[in-house]
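Please look over the model shown here.

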Amino acid sequence: MPVYSMTGYASAQRGVPPGSPEAEFRPGPVRRLGLEIRSVNSRFLDLSFRLPDELRAMEPVLRTLLTAKVKRGKVEVRATLDSGDAASLPDPSPRLLQRLGALQDSVRTWLPDAAPLTVADVLRLGTSQGPGQENWSEAVPALAQEALAALLEARQQEGARLAAMLQGHLRQLRGLSEQAVPLVPQLVEQQRQRFMERWKEAMGLAEGAATPEAAQDRALSEATAFAIRIDVAEEVTRLQSHLAEIERLLEKGGEIGKRLDFLIQELHREANTLGSKSAALELTRISVDMKVLIEQMREQVQNIE
């Protein structure tokens, strides 16, 4: 499955309602429905709708469509209705004129004193749109599907870009962990040599106050304790395990954002521990570089669904 970002934008427009019975009696410019979907990152799925009154009843349908495809993110759906060019004069169709004439005859049969329709009346009645006159039950879902497909494509493209950036950071972190592994034995050996030199100096100053065996055992014990204190093999192993899991999730795709966020926290913890155990400037530098990369990954992961 692809990796999806929570950031995306899509829009779609069409003349509506296409093929509806109302459209046959409607002269002049065709009304257009516009639909925009914007999404940004969020911990959960947060939907908001900005719909004109004529489309308010379609909110449950739109909500169902979105929740079936989008799992996380702050999503805003905005719909607009454009009545076309108001300055242009409508062109009444013969069917509309026939209908208005029939209605006029019917009214004047019962009300003979009623004034006949004027040209202005015909134009006004032909272009007026009473509330609830049009049926949006097919046009809105169809347009929403079109916009939603474009949104998912945009989120997928952004997700692929984020995944590629994360893969690059993973390679850099692996390189840093490989640099840290051989440093620990070198530091332990250097410290052991220092302890032994201090032991020899102490033996010379003590002039037999302590037995050579006891002093040597004490020096070796201190060297061993130092080696245990600075050993970062466990941290490096866990860090590499987390890196492998992140790479597996990126290859798997789907809804991996929350899992990635947890692993990033674990990476940061191991990098901190590595820095606290540091006994050399080189290890400190490696720890700092790791934390910089991990923080960059955290920002990217927060945008993944």
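Is Glu59 buried, partly exposed or exposed? Glu59 is partly exposed, at 22% relative accessibility. Here buried means under 20% relative accessible area, exposed over 50%, and partly exposed in between (1.4 Å probe, protein chains only).

## Basis of the model

This is a predicted model: local features need pLDDT of at least 70, side-chain atom pairs count only at pLDDT 80 or more, and totals for chains, interfaces and linings use all residues. Residues are numbered from 1 along each chain as its sequence is written, and side-chain values use heavy atoms, with hydrogens and water left out.

## Overall fold

The protein chain has ten helices and four strands. These are DSSP runs, numbered from the N terminus: helices are H or I with at least four residues, strands are E with at least two. Along the sequence the order is β-α-β-β-α-β-α-α-α-α-α-α-α-α.

The protein chain has 305 residues, and 37% of them count as buried. Take the contacts (heavy atoms within 4.5 Å). Among those between residues at least 6 apart in sequence, 82% join residues at least 24 apart.

## Salt bridges

The whole structure has 16 salt bridges. The term means a side-chain nitrogen of Lys or Arg within 4 Å of a carboxyl oxygen of Asp or Glu. One of them joins Glu59 to Arg63, at 3.1 Å from N to O. Both residues belong to helix H2 (residues 59–69); they are four residues apart, so about one helical turn separates them. Arg63 is partly exposed, at 34% relative accessibility.

Helix H5 (residues 139–180) holds another pair, Arg161 and Glu158, three residues apart and about one turn of the helix. Their side chains form a salt bridge, at 2.5 Å from N to O. Arg161 is partly exposed at 42%, and Glu158 is partly exposed at 22%.

Arg50, Glu76 and Arg78 make up a salt-bridge network. Within it, the closest N and O atoms of Glu76 and Arg78 are 3.5 Å apart. Arg78 is partly exposed, with a relative accessible area of 30%.

## Nonpolar cores

A nonpolar core is a set of buried Ala, Val, Leu, Ile, Met, Phe, Trp, Tyr and Cys residues joined through side-chain atoms within 4.5 Å. The largest has 29 residues; Leu173, Ile246, Leu250, Leu260, Leu267, Met290 and Met297 touch the most other members. H5, helix H8 (233–252), helix H9 (257–276) and helix H10 (281–301) each give two or more residues to this core. A second, separate core has 25 residues, including Leu47, Leu65, Ala79 and Leu152.

Met297 lies in helix H10 and is buried, at 0% relative accessibility. Leaving out residues up to four places away in sequence, Met297 touches Leu166, His169, Leu170, Leu173, Ile246, Ile264 and Leu267. Ile264 is 33 residues from Met297 along the chain, yet their C-alpha atoms are separated by 7.4 Å.

## Cavity

On a 1 Å grid over the protein atoms alone, a cavity is a set of points where a 1.4 Å probe fits but cannot get out; lining residues have an atom within 4 Å of a point. Grid points are joined across faces, edges and corners, and a volume is the space filled by probe spheres set on the points. The structure holds one cavity of 30 Å³ or more. The largest cavity has a volume of about 50 Å³.

Its lining consists of Leu35, Ile37, Leu62, Leu65, Leu66, Val77, Ala144 and Leu148. Strand S2 (32–40), H2 and H5 each supply at least two of the lining residues. H2 gives the most, with three. By class, the lining has eight nonpolar, no polar and no charged residues. Ala, Val, Leu, Ile, Met, Phe, Trp, Tyr, Cys and Pro count as nonpolar, Asp, Glu, Lys and Arg as charged, and the others, Gly among them, as polar.

## Second largest pocket

A pocket is an open set of grid points with protein on both sides within 12 Å along at least five of seven lines. The second largest pocket holds about 190 Å³ of space. Its lining includes Met6, Arg43, Phe44, Arg72, Asp261 and Ile304. H9 provides the largest share of this lining, three residues. The classes are four nonpolar, four polar and four charged residues.
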